[in-house]
Structure formats: C-alpha cells, structure tokens
Amino acid sequence: MNRRITILCDNTVGPVSGTLGEHGFAALVEWEGDALLFDTGMGETLLRNAQRLGRNLAAVFRVVISPTTPAASGLSCAPAGARRCWLTPISSPPATG
C-alpha cells in the first residue's frame, strides 16, 4: 500500500519555493485514492501551500482537528468537500460520582 504524508503548514518554510510558513500544523495523509487532512494550521497558508506542492485537497474526505487548532471552533478552514470531521478531545471528562 502506497502512503504519502505531506506537511502543508508548519512554523518553518520547506524546501519548495513559494511555500509559506505560519504558526500551526497541517498534514495531508494520502493512500490508495483516499485522503485525510490532520489539522488546518491557522488557515492562512493551507490552500496556497497545497497548491504549490501539487496536492489536491478536493480528494480529502476526512478531517481531524486537534484542540490546538484555531479552526476547531468553527472548522472554517476545512475543505468544503470533507464528508467527515473529528475533533480530538483535550482530555477525558472528569468522572462524576
């Protein structure tokens, strides 16, 4: 099974000319015709870097948002075609008793 992980957003700029860095993180995970986006960064560089790196976000059907992502409150940066979206919990709720 072929898999590819592409870092679309990070604090640093990668080796590809024209990509931008920003605070935050986003990774595109692709395998056998499917794709998952893990986090969206701050939302300023995701689309530009994906385009510059030749990655197709239209193939994303799943989005995982960690609690440290600003988009977690509104998911405004998730690709419009995403069919499923998960928010990862910060921690388990306290036990009641």
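**Salt bridges and surface of a predicted model**

Arg-62 pairs with Asp-34 in a salt bridge, and the closest N and O atoms sit 2.6 Å apart. Arg-62 belongs to strand S4 and Asp-34 to strand S3 (residues 34–38), so this pair ties together parts that are 28 residues apart in sequence.

Ala-59 sits in the loop between helix H1 (46–52) and strand S4 (62–65), and at 25% relative accessibility it counts as partly exposed.

A search of the whole structure turns up 2 salt bridges. Besides the Arg-62 and Asp-34 pair, there is one between the side chains of Arg-55 and Glu-30, at 3.1 Å from N to O. Here Arg-55 comes from the loop between H1 and S4 and Glu-30 from strand S2, so the contact ties together parts that are 25 residues apart in sequence. Arg-55 and Glu-30 are both buried.

Stepping back to the overall layout, the protein has 1 helix and 5 strands, and from the N terminus on they run β-β-β-α-β-β. Of the 97 residues, 31% are buried. Taking contacts between residues at least 6 apart in sequence, 46% join residues at least 24 apart.

The loop between S1 and strand S2 (26–31) holds Thr-19, which is buried, with a relative accessible area of 10%. Leaving out residues up to four places away in sequence, Thr-19 touches Val-13, Gly-14, Asn-49, Arg-52 and Leu-53. Among these partners, Asn-49 and Arg-52 fall within the span of helix H1 (46–52).

Ile-5, Ile-7, Phe-25 and Phe-38 make a nonpolar surface patch of about 350 Å². One of these residues, Ile-5, lies in strand S1 (residues 3–9) and counts as exposed, with 62% relative accessibility.

Technical notes
Residues numbered from 1 in each chain as written. Predicted model: local features only at pLDDT ≥ 70, side-chain atom pairs only at ≥ 80, totals over all residues. Heavy atoms only, no water. Helix = DSSP H or I, 4+ residues; strand = E, 2+ residues; numbered from the N terminus. Buried < 20%, exposed > 50% of the residue type's maximum accessible area, 1.4 Å probe, protein only. Contact = heavy atoms within 4.5 Å. Patch = residues over 30% accessible without salt bridge, like charges linked within 9 Å, V, L, I, M, F, W, Y side chains within 5 Å. Areas by Shrake-Rupley, 256 points an atom, 1.4 Å probe, with all protein chains shown as cover. Salt bridge = Lys/Arg side-chain N within 4 Å of Asp/Glu carboxyl O.
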